[in-house]
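Thanks for coming, everyone. Let me put the structure up, and then I'll walk through a few spots.

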Amino acid sequence: MADDPSQMSGAESVVTPHGDRAAEAPQALPSISVVVIGRNEGQRLVRCLESIRAAAYPEGKLEIIYVDSDSTDDSCRIAAERGAKVITIHPTRPCAAAGRNAGAAAANHEFVHFFDGDTVIHRDWFAKAANAMGDPRVACVFGRREEVAPRSTIYNFWTHHDWFVGPGEAESCAGDAMFRREVLRQAGGFDETLIAGEEPDLCFRIRSGQHKVILCLDEPMTLHDMNMTRFRQYWKRCTRTGHAYAEVGGRHPQLHSWRRARWRGPIHVTVALLAVILSIFLWAPLPFVFWMILVAALIMRNAWRMRGRLGSLSDAVLYSLHHYVAKLPITVGSIDFWLRSTLKRSPKALIEYR
């Protein structure tokens with residue numbers, strides 16, 4: 001979505017990769033602790049772990065850790081049978097941050113790569129990530145995350161394009177990324193009080209406190225299995241995004257894109273409500289029709305700008321429509337956070353959309 005964290009990237013990278021380490025001797029490649037987090041992933045976890053095993057990287061250089069958050073299926077057995085060190089956590093407030101912190105605490109190597117259990121890792125990715133980490137300024141590196149079946153549903157299509165981040169230095173990463181373990185330690189790890197937006201929060205603390213680089217490579221990294229088929233799932237995912245915009249954007253005003261995103265949805269929804277109220281008050285459709293024309297113009301403007309990246313104007317229009325459909329649930333999520341903060345109510349539990 002237009003104000004989604006996946007859209008946020010900074011200026012062109014000043015980091016230059018140092019050769020192709022994929023071609024180096026195995027002993028020259030660094031060891032990596034691979035942390036996979038999940039809950040009731042089933043066959044998705046099988047695919048994830050097997051893709052790690054199939055990677056073009058020395059098997060002895062990969063330590064695989066699976067962190068399970070109270071699964072009721074056989075995820076732990078699946079992971080153990082595939083050679084992973086299994087850690088089970090029972091957080092009072094389940095969140096991805098808790099799983100990643102537990103995995104990082106158990107890691108033995110300098111580099112820690114996090115993956116969600118519903119991803120498949122590209123076979124050449126580890127070597128490319130290790131190559132980028134050859135620059136000591138780089139604290140975190142990630143690549144392209146794409147959907148397994150982006151055309152299967154409209155929600156998968158929207159999510160597929162939400163993952164896009166332009167290559168170069170970035171504000172933040174998503175859940176799949178490699179970090180230096182020492183950088184994670186100095187930053188205090190992921191904030192487990194956040195139900196969403198923990199990656200931008202951590203990346204901001206790393207960039208501002210340690211003056212390190214978050215780097216996005218123009219390389220395939222993972223295929224993700226969103227498998228979103230219902231509007232209710234989409235609504236809940238966007239609500240969680242709005243909650244994150246309000247909380248993390250308010251916590252870090254210097255995170256410019258998030259600061260803008262936290263107000264963009266509420267402003268658009270307020271204008272829409274005013275148009276409806278004015279039409280009712282005047283007993284005339286003109287204010288509402290004018291608002292509809294304005295929204296259509298904004299959708300077409302965004303689509304025209306994105307047509308090159310999405311491949312066609314029709315796809316760009318379809319994706320741009322998502323930006324405006326999402327603003328209502330995003331606003332609901334933001335308002336929920338603001339009300340809870342103002343009324344001193346307990347933080348919201350994890351918003352699951354599956």
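First, the ground rules. This is a predicted model, where local features need pLDDT of at least 70, side-chain atom pairs count only at pLDDT 80 or more, and totals for chains, interfaces and linings use all residues. Residues are numbered from 1 along each chain as its sequence is written, and side-chain values use heavy atoms, with hydrogens and water left out.

Start with Ala130. It sits in helix α4, residues 125-132. Helices here are DSSP runs of H or I, at least four residues, numbered from the N terminus. Is Ala130 buried or exposed? Buried, at a relative accessible area of 1%. Buried means under 20%, exposed over 50%, and partly exposed in between, with a 1.4 Å probe and protein chains only. Ile32 is 98 residues from Ala130 along the chain, yet their C-alpha atoms are separated by 8.7 Å.

Now the surface. Phe231, Leu318, Leu321 and Val325 form a nonpolar patch with about 290 Å² of accessible area together. Nonpolar side chains are joined within 5 Å. Areas come from the Shrake-Rupley method with a 1.4 Å probe. Helix α11, residues 313-325, gives the largest share, three residues. Leu321 lies in helix α11 and is partly exposed, at 36%.

Last, Gln233. This residue is in helix α8, residues 231-251. Gln233 is buried, at 7% relative accessibility. A polar atom of its side chain lies 2.9 Å from the backbone nitrogen of Arg230.

Key. Helices (H or I, at least four residues) and strands (E, at least two) are DSSP runs, numbered from the N terminus. Patches are made of residues with over 30% relative accessible area and no salt bridge: like charges are joined within 9 Å, nonpolar side chains (Val, Leu, Ile, Met, Phe, Trp, Tyr) within 5 Å. A salt bridge is a side-chain nitrogen of Lys or Arg within 4 Å of a carboxyl oxygen of Asp or Glu. A polar contact is a pair of N or O atoms within 3.5 Å; within protein, one must be able to donate a hydrogen and the other to accept it, and residues adjacent in sequence count only if both atoms are side-chain atoms.
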